[in-house]
Structure formats: structure tokens, C-alpha cells
Amino acid sequence: MRAHRPITSRAINKIIRKVADRAKVPFTPHDLRRTAIGEWLGGVDISVAMKMAGHSIPQTTVRYD
């Protein structure tokens with residue numbers, strides 16, 4: 001039996017780009033990030049969204065709203 005390793009961010013990016021290409025939809029991995037942060041801002045405090053996004057200043061997070 002083969003040991004499983006955690007999936008890397010590079011592998012995730014490759015999968016997302018492959019799916020977007022097959023679907024013929026202009027879509028990038030960063031589009032997912034923008035959507036997620038926008039959703040967080042609609043449901044949690046800005047400090048929580050900042051932490052989840054890895055931002056150090058609120059102005060960066062607010063740009064996603």
C-alpha cells in the first residue's frame with residue numbers, strides 16, 4: 001500500500017487551472033480566494049476574516065468586499 005502525502009498548493013493550482021481550461025472558463029486559483037474572503041466578510045467580523053486570509057492590516061482585507 002502506498003503512503004499518502006498531503007496535497008500541495010502547487011497541485012491544487014494545477015487542478016484548478018486544468019478544470020478551468022476544460023470548462024473553457026477564465027478562472028484562476030486566486031478567484032477562489034477572492035470569493036472566499038468576500039463570503040467571510042459577509043458573515044464574520046473583519047478581524048476573523050483578516051486572520052483567515054493571512055492579512056496583517058484591515059485595508060487589505062476590506063479590498064475584497
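Student: In this predicted model, what does V62 count as at 46% relative accessibility?

Tutor: The model is predicted, so keep that in mind. Buried means under 20% relative accessible area, and exposed means over 50%. V62 has 46%, so V62 counts as partly exposed.

Student: Which helix holds V62, and how far is V62 from A23 in space?

Tutor: V62 is found in helix α4, residues 58-62. In sequence, V62 and A23 are 39 residues apart. From C-alpha to C-alpha, their distance in space is 31 Å.

Student: Is T61 buried or exposed?

Tutor: T61 is also a residue of helix α4. The cut-off for buried is under 20% relative accessible area. T61 has 0%, so T61 counts as buried.

Student: Which side chain does T61 join in a polar contact of 2.7 Å?

Tutor: Look at the side chain of T61, in helix α4. A polar contact of 2.7 Å links that side chain to the side chain of H55.

Student: Is R10 buried or exposed?

Tutor: R10 lies in helix α1, residues 9-23. On the surface, R10 gathers with K14, K18 and R22 in a patch of positive charge. Exposed means over 50% relative accessible area. R10 has 72%, so R10 is exposed.

Student: Where does I7 lie, and what is the accessible area of its nonpolar patch?

Tutor: I7 lies in the segment before α1. I7 is exposed, because its relative accessible area is 53%. I7, I12, I15 and V19 form the nonpolar patch on the surface. Together they have an accessible area of about 360 Å².

Note on methods:
Residues numbered from 1 in each chain as written. Predicted model: local features only at pLDDT ≥ 70, side-chain atom pairs only at ≥ 80, totals over all residues. Heavy atoms only, no water. Patch = residues over 30% accessible without salt bridge, like charges linked within 9 Å, V, L, I, M, F, W, Y side chains within 5 Å. Areas by Shrake-Rupley, 256 points an atom, 1.4 Å probe, with all protein chains shown as cover. Salt bridge = Lys/Arg side-chain N within 4 Å of Asp/Glu carboxyl O. Lys, Arg positive; Asp, Glu negative; His and termini not counted. Charge placed at Lys NZ, Arg CZ, Asp CG, Glu CD. Helix = DSSP H or I, 4+ residues; strand = E, 2+ residues; numbered from the N terminus. Buried < 20%, exposed > 50% of the residue type's maximum accessible area, 1.4 Å probe, protein only. Polar contact = N/O pair within 3.5 Å; in protein donor to acceptor, adjacent residues only side chain to side chain.
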